Amino acid sequence: MSYRHIPAMLNEVVNYLDCRPGNVYVDGTLGGCGHARAICEKIIPGGTLIGIDQDIDAISNAETVLKDYSSNIHLFHGNFELLRQFLEQIEIDSVDGILLDLGLSQHQIENSGRGFSFRKDEPLDMRMDIQSRQTAQKLVNDLSQQELQKLFREYGEEHRAKQIAKNIVRIRRREKIRTSKQLAQIIIDSIPAQAASKQKIHPATRVFMALRIAVNRELERLETFLEHAVDLLNPGGRLCVLSFHSLEDRIVKQRFKALEKGCTCPPKLPRCGCGQEPRLRILTKKVGRPSEEEIAANPMARSTRLRAAEKL
Ligand SMILES: C[S@@+](CC[C@H](N)C(=O)[O-])C[C@H]1O[C@@H](n2cnc3c(N)ncnc32)[C@H](O)[C@@H]1O
């Protein structure tokens with residue numbers, strides 16, 4: 001089966017990463033390898049790409065798609081929060097650019113069979129890494145009503161979190177919730193028809209997104225990665241992050257700002273006492289968004305936000 005995914009903001013990403021022959025780059029989210037392949041084309045001869053994905057299907061796909069560059073690439077199945085360990089394994093101390101393109105590939109949504117889509121009837125799994133233990137089915141059946149409500153509100157920004165959580169708990173007393181279709185129906189039934197007809201998105205969109213974020217601990221992993229990513233860049237090296245969710249984008253924005261500022265002293269102090277120097281220069285003063293033409297050609301790219309920075 002071909003691995004479907006159209007890379008978002010491809011030209012912008014390659015430009016911000018400033019890909020050059022002979023340099024070393026990391027793609028922490030290989031997916032369908034659209035970005036990875038474009039990076040490979042720019043860095044030969046002599047360059048190296050370290051490719052990571054926590055989904056083993058993406059790694060198998062990369063072995064095929066990037067076979068022309070096999071002498072220039074190192075592939076790792078695992079989480080990008082472990083980048084430092086992966087680099088140690090291949091004895092690389094620092095790199096010239098790192099890309100994260102967060103979230104899911106179209107392949108995962110449409111063909112993985114893991115219940116990411118509310119339009120399908122699949123087991124409620126939602127793991128990007130099938131070796132991890134948490135699943136959406138466990139969360140939906142085991143969390144308390146209050147915990148579900150909090151999860152849907154915080155990660156999904158779902159206004160009807162309380163009603164949906166209440167209905168999940170009521171239904172699961174009768175039968176275990178096992179499939180994406182079952183859950184989608186409970187959510188649809190929780191929303192008055194008039195309110196649902198006014199929504200621009202499917203009523204289950206936010207709850208499914210919240211569960212996926214929780215199952216894969218997406219926000220914590222992004223934060224852990226951003227804590228040490230700058231240490232792994234060469235001076236002048238670039239960090240580029242594509243996000244699709246306001247919570248992810250806020251984490252990236254705040255971390256970039258803090259690293260650009262350096263000093264962490266309260267503004268009231270007359271002189272800096274922390275001694276922390278600026279470490280990054282933000283390249284995207286205004287967040288990057290896809291063009292109208294790109295959105296028309298690839299509606300999935302609609303909510304993409306791009307932030308890029310350069311190590312000082
Ligand atoms: C939007 S897709 C990337 C698409 C890719 N840039 C392309 O051009 O096809 C996101 C990919 O990142 C992977 N992923 C998400 N979070 C990850 C993490 N914390 N560590 C490793 N891989 C992750 C997913 O499994 C998925 O394959």
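Which helix gives the most to the lining of the largest pocket? In this predicted model, where local features need pLDDT of at least 70, side-chain atom pairs count only at pLDDT 80 or more, and totals for chains, interfaces and linings use all residues, that helix is α11, with five residues. Residues are numbered from 1 along each chain as its sequence is written, and side-chain values use heavy atoms, with hydrogens and water left out.

The largest pocket has a volume of about 1,200 Å³. A pocket is here an open set of points, on a 1 Å grid over the protein atoms alone, with protein on both sides within 12 Å along at least five of seven lines, whereas a cavity is a set of points where a 1.4 Å probe fits but cannot get out; lining residues have an atom within 4 Å of a point. Grid points are joined across faces, edges and corners, and a volume is the space filled by probe spheres set on the points. The lining of the largest pocket comprises 36 residues, and T205, M209, F244, R302 and S303 lie nearest its centre. At least two lining residues each come from α5 (106-111), α11 (205-215) and α13 (246-261); helices (H or I, at least four residues) and strands (E, at least two) are DSSP runs numbered from the N terminus. By class, this lining contains 15 nonpolar, eleven polar and ten charged residues, where Ala, Val, Leu, Ile, Met, Phe, Trp, Tyr, Cys and Pro count as nonpolar, Asp, Glu, Lys and Arg as charged, and the others, Gly among them, as polar.

The structure holds one cavity of 30 Å³ or more. The largest cavity has a volume of about 350 Å³ and is the space taken by the ligand; a molecule sits in a cavity or pocket if more than half of its atoms lie within 2 Å of its grid points. Its lining consists of 29 residues, with T29, D101, L102, G103 and M128 nearest the centre. Both α2 (34-43) and α12 (218-228) supply at least two residues of this lining, and α12 provides the largest share, three residues. Nine nonpolar, 14 polar and six charged residues make up the cavity lining.

The ligand is surrounded by 23 residues, the closest being G32, H35, D53, D101 and Q108; a residue is near a molecule if one of its heavy atoms lies within 4 Å of it. This shell has seven nonpolar, 13 polar and three charged residues. The protein covers 98% of the 610 Å² of accessible area that the ligand has on its own, as computed by the Shrake-Rupley method with a 1.4 Å probe.

Two backbone features were also noted. Most residues other than glycine have a negative phi, and most peptide bonds are trans. The peptide bond from I44 to P45 is cis, with omega near 0°, and P45 is found in the loop between α2 and β2 (48-53). M126, in the loop between α5 and α6 (136-142), has a positive phi, near 70°.
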